[in-house]
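Try each task before you read its solution.

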Amino acid sequence: MRLPGPRSPVWALAEGIGSAVLSLISMLAVARLIGPEAVGLAVGALACFLLWDLLVSVIFTDAIIRHPALQTRHVDSALTFALLLGCAMAVWLAAFAPSLAAFIEMPAAAPMIAALALLLPLSAVVGIASGIAVRAQRYRLLALRVLVGQPAGLLAAMAVAWAAGGAWAMIALQILLTAVTFVLLLPSLGRVPRPALDLMTLRELSSIAGPQTLATLVNNGKYRVFLVAVAVIASEAIVAQSHFAFRIVEAGLTAAWIAMARISMPRLSLAAAGRGEFARTYGELAQLSALLGLPIAVGMGLVAPSFIIGVLGEQWSETADATRIAAFASAAYFLSGTAPSLFVALDRARVNLMLSLLGTACPFLWLLLVQPRTPSGFAVAWSTSAFVLPLVGGRIVLHALGRSPFWLFRQVLPGLLAVAAMALVVIAVQRWAGLEPLAEIALTVPLGSAVFAAAAWLALGRQMPAALGPSPATALQEPGE
């Protein structure tokens, strides 16, 4: 057997699956060694760091991927700006580490926050380099940062834990992951960048960079604010149960989100640049999105009660119900294709910001009007955006493509048919087999996966999804002079 080529989209799937699985294994392994108190301390320090890390690492990534005629001056100016921002944020975060640690009532987290702050300049370089790598569809390189970085970080974390380093074990994991990613992606720049800060060049990138950065910050920040709102009106036990349900769903869907983001952005940017039929490319990506996301979302909804009760016990039954609601609702996101990438490719990133703000408003409006008090009620509130965004975003997408809803339905039909076959088999086993929860999981997961794969293969006419084949063009051009 041969490994797929360096630009094969299969590597994007490997990155998504590897990220979900290895991060979960790392979290559980380190947590078992250092205990809950040390984990809580490390999580507090990481929470103070990750928001700023996100800002400096994504600010120009999508703009670089999408730009139809990327020049070295764009890369130089973007990298210079991101580095200056990363250095400024590093100095600020290190200086205010004691104040932040006091604010979260974890004084011992101050040196950890200061140590993490030193990673921000590296993250700035990684953001630019990853944009160039995605633009060139170097999926194997992008996958290696997870497949190599996560195990390296885990080894470092376990070494620190065995040396009685406590919470520093999780800090070591983050440091190694960032360092390995930096070393792997640095060659993507292609040459030694020259310091430059051309305002006209930055303005060319800003139509994508500004709205996309704000949309990313909104999307990543809304859950933290939502959890605070839940904590205001519910007990600690209900907050914990609700949080656990949402994290399970997010962890399960990570593979689909990462893979679709990697594959769709460069393909749609190529098509928008006149190197492929735009609607056909989007249709192929919508088909792949349904094939990747629907079985995960629906599968989690079907097996969540057995999994949670079997692993954690009956006392977590409310978490099982909330997980089922959130998982089933999240399936709607995979029925309208990869809308965020389309709007970036069309230089309409402001639509993504608008949709992010709308998706943030929906759960809080529901909380205000309904005021739920159970994990299931909070899961419904959190899921309201899943009932609104696919409809609004899908309508804008179809208008931009000049296609009908029936056209989009035909694209996602193979995924719907395969998921229906999977669900029928899983429900039949659950109803008539009479197994214990964990034995039921051991049977339904592989059986449902096999049925889905077989049904999808037949629904696709006994061939692989078109979006996993070669691109209409190999890649967008490398940065030129």
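**Exercise 1. Decide whether Thr213 is buried or exposed, and list what it touches.**

Solution. This is a predicted model, and every step below works from it. Start with the relative accessible area, which is 7% for Thr213. Buried means under 20%, so Thr213 is buried. Now look for its contacts, leaving out residues up to four places away in sequence: Thr213 touches Leu55, Val58 and Ile59. Finally, compare sequence with space: Ala63 is 150 residues from Thr213 in sequence, yet the two C-alpha atoms are 10.0 Å apart.

**Exercise 2. Find where Leu22 sits, and classify its accessibility.**

Solution. Leu22 is part of helix 1, residues 10-58. Its relative accessibility is 24%. Beyond residues up to four places away in sequence, Leu22 touches Val146, Leu147, Gln150 and Pro151. For a distance check, take Val39: it lies 17 residues from Leu22 in sequence and 17 Å from it in space, C-alpha to C-alpha.

**Exercise 3. Check whether the span of helix 8 agrees with its number of residues, then list its buried residues.**

Solution. Helix 8 runs over residues 149-162, which makes 14 residues. The expected span is 1.5 Å times one less than the number of residues, so helix 8 should span 20 Å. Its end C-alpha atoms are 20 Å apart, in agreement. The buried residues of this helix are Gly149, Gln150, Gly153, Leu154, Ala156, Ala157, Met158 and Ala161. Gln150 is also one of the residues that Leu22 touches.

**Exercise 4. Repeat the check for helix 15.**

Solution. Helix 15 has 22 residues, 349-370. From first C-alpha to last it reaches 32 Å, close to the 32 Å expected at 1.5 Å a residue. Its buried residues are Ala349, Val351, Asn352, Leu353, Leu355, Ser356, Gly359, Thr360, Cys362, Pro363 and Leu367. After the helix comes Gln371, with a positive phi near 50 degrees.

**Exercise 5. For Gln137 and Ala164, give the phi, the loop and the accessibility class.**

Solution. Begin with the background: most residues other than glycine have a negative phi. Gln137 is not a glycine, but its phi is positive, about 55 degrees. It is in the loop between helix 6 (120-135) and helix 7 (139-147). With a relative accessible area of 2%, Gln137 is buried.

Ala164 also has a positive phi, near 65 degrees, and is a residue other than glycine. It comes just after helix 8, in the loop between helix 8 and helix 9 (168-185). At 68% relative accessibility, Ala164 counts as exposed.

**Exercise 6. Describe how helix 6 packs against helix 3, helix 7 and helix 9.**

Solution. Two packed helices are described by the angle between their axes and the distance between the axes. Take the pairs one by one.

*Helix 3 with helix 6.* The axes of helix 3 (residues 72-95) and helix 6 come within 7 Å and cross at roughly 155 degrees. Angles over 145 degrees count as roughly antiparallel, so helix 3 is roughly antiparallel to helix 6. The crossing is right-handed. Residues in the contact include Ala82, Leu83 and Gly86 of helix 3 and Ala124, Val125 and Ile128 of helix 6. By class, this contact has 15 nonpolar, one polar and no charged residues.

*Helix 6 with helix 7.* Here the angle is about 140 degrees and the axes are 8 Å apart, and the pair is oblique. Val126, Ser130, Ala133 and Val134 of helix 6 make the contact with Leu141, Leu142 and Arg145 of helix 7. The classes are five nonpolar, one polar and one charged.

*Helix 6 with helix 9.* This pair packs at about 45 degrees, with axes 9 Å apart, and is oblique as well. Helix 6 passes helix 9 in a left-handed crossing. On helix 6 the contact residues are Leu122, Ser123, Val125, Val126, Ala129, Ser130 and Ala133; on helix 9 they are Thr178, Thr181, Phe182 and Leu185. That contact has seven nonpolar, four polar and no charged residues.

Conventions: Residues are numbered from 1 along each chain as its sequence is written. This is a predicted model: local features need pLDDT of at least 70, side-chain atom pairs count only at pLDDT 80 or more; totals for chains, interfaces and linings use all residues. Side-chain values use heavy atoms; hydrogens and water are left out. Helices (H or I, at least four residues) and strands (E, at least two) are DSSP runs, numbered from the N terminus. Buried means under 20% relative accessible area, exposed over 50%, partly exposed in between (1.4 Å probe, protein chains only). Contact means heavy atoms within 4.5 Å. Axes are lines fitted to C-alpha atoms, for helices over the stretch in contact, and angles run from 0 to 180 degrees between N-to-C directions. Angles under 35 degrees count as roughly parallel, over 145 as roughly antiparallel, 65 to 115 as roughly perpendicular and the rest as oblique. A crossing is left-handed if the near helix is turned anticlockwise from the far one by less than a right angle, and right-handed if clockwise. Ala, Val, Leu, Ile, Met, Phe, Trp, Tyr, Cys and Pro count as nonpolar, Asp, Glu, Lys and Arg as charged, and the others, Gly among them, as polar.
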